[in-house]
Amino acid sequence: METKKKAAKKRKLTPFTKFICVAMILASGFMLFAVVQEGMTTLQLQQQLSEVQSKLQEVQDENRYLTNEKEKLQDPDYVETYARGKYQLSKDGEQIFYLPENTEK
């Protein structure tokens, strides 16, 4: 009978022990919330990084194209050919004929 009383006494939690348990549960919940929030932030940053990287790739491609065009425009023959093709400019004594496009194929 005394052993039952001792066992029952050991099972009872003191108010301090209850306070420690509640504090540990709250701290664990707070830490879990912080980890989830950091995970969400990381996912958002990774998505932004991929978007910025694709934009960077587009800008680099455009830069290569414009650099290439700049180099071509340094060549007088290219400038002449470009102007004649784009703006239908002609040399002295040259005539330009417009031919209809063949739409039937």
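What follows is a short exchange on labels and the values behind them.

Guide: One caution to begin with. This is a predicted model.

Visitor: What is the overall pattern of the protein along the sequence?

Guide: The pattern reads α-α-α. The protein has three helices and zero strands.

Visitor: How many salt bridges does the structure hold?

Guide: Two.

Visitor: Why is the contact of arginine 64 with aspartate 61 called a salt bridge?

Guide: The closest N and O atoms are 2.6 Å apart. The cut-off is within 4 Å, so the pair counts as a salt bridge. Arginine 64 and aspartate 61 both lie in helix 2, residues 15-73. They are three residues apart, about one turn of the helix.

Visitor: What makes aspartate 61 partly exposed?

Guide: Its relative accessible area is 36%. Buried means under 20% and exposed means over 50%, so aspartate 61 falls in between.

Visitor: How do you know that lysine 72 and glutamate 69 meet in a salt bridge?

Guide: The N to O distance is 3.9 Å. The limit is 4 Å, therefore the pair qualifies. Lysine 72 and glutamate 69 also both lie in helix 2, three residues apart.

Visitor: Are lysine 72 and glutamate 69 buried or partly exposed?

Guide: Lysine 72 is partly exposed, because its 33% lies between 20% and 50%. Glutamate 69 has a relative accessible area of 17%. That is under 20%, so glutamate 69 is buried.

Visitor: Which side chain makes a polar contact with the side chain of glutamate 69?

Guide: The side chain of tyrosine 78, at 3.4 Å. The distance cut-off for a polar contact is within 3.5 Å, and this pair meets it.

Visitor: Why is the pair of tyrosine 78 and tyrosine 82 called stacked?

Guide: The structure holds one aromatic pair. The ring centres of tyrosine 78 and tyrosine 82 are 6.1 Å apart, and their planes stand at 25°. Centres within 6.5 Å make a pair, and planes under 30 degrees apart make it stacked, so both tests are passed. Tyrosine 78 and tyrosine 82 both lie in helix 3, four residues apart, about one turn of the helix.

Visitor: What are the accessibility values of tyrosine 78 and tyrosine 82?

Guide: Tyrosine 78 has 24%. Tyrosine 82 has 35%. Both values lie between 20% and 50%, so each residue counts as partly exposed.

Visitor: How does the reach of helix 3 compare with the expected span?

Guide: Helix 3, residues 76-87, has twelve residues and reaches 16 Å from its first C-alpha to its last. That is close to the 16 Å expected at 1.5 Å a residue. Just after helix 3, glutamine 88 takes a positive phi of about 50°.

Visitor: Which residues make the nonpolar surface patch?

Guide: Phe16, Phe19, Ile20 and Met24 make a patch of about 470 Å². Phenylalanine 19 lies in helix 2.

Visitor: What makes phenylalanine 19 count as exposed?

Guide: Its relative accessibility is 56%. Exposed means over 50%, so phenylalanine 19 passes.

Visitor: How much of the protein is buried?

Guide: Buried residues make up 2% of the 105 residues. The protein exposes about 10,700 Å². Carbon and sulfur atoms supply 61% of that area.

Terms used
Residues numbered from 1 in each chain as written. Predicted model: local features only at pLDDT ≥ 70, side-chain atom pairs only at ≥ 80, totals over all residues. Heavy atoms only, no water. Salt bridge = Lys/Arg side-chain N within 4 Å of Asp/Glu carboxyl O. Helix = DSSP H or I, 4+ residues; strand = E, 2+ residues; numbered from the N terminus. Buried < 20%, exposed > 50% of the residue type's maximum accessible area, 1.4 Å probe, protein only. Polar contact = N/O pair within 3.5 Å; in protein donor to acceptor, adjacent residues only side chain to side chain. Expected span 1.5 Å × (residues − 1). Patch = residues over 30% accessible without salt bridge, like charges linked within 9 Å, V, L, I, M, F, W, Y side chains within 5 Å. Areas by Shrake-Rupley, 256 points an atom, 1.4 Å probe, with all protein chains shown as cover. Phe/Tyr/Trp six-rings, centres within 6.5 Å; stacked < 30°, edge-to-face > 60°.
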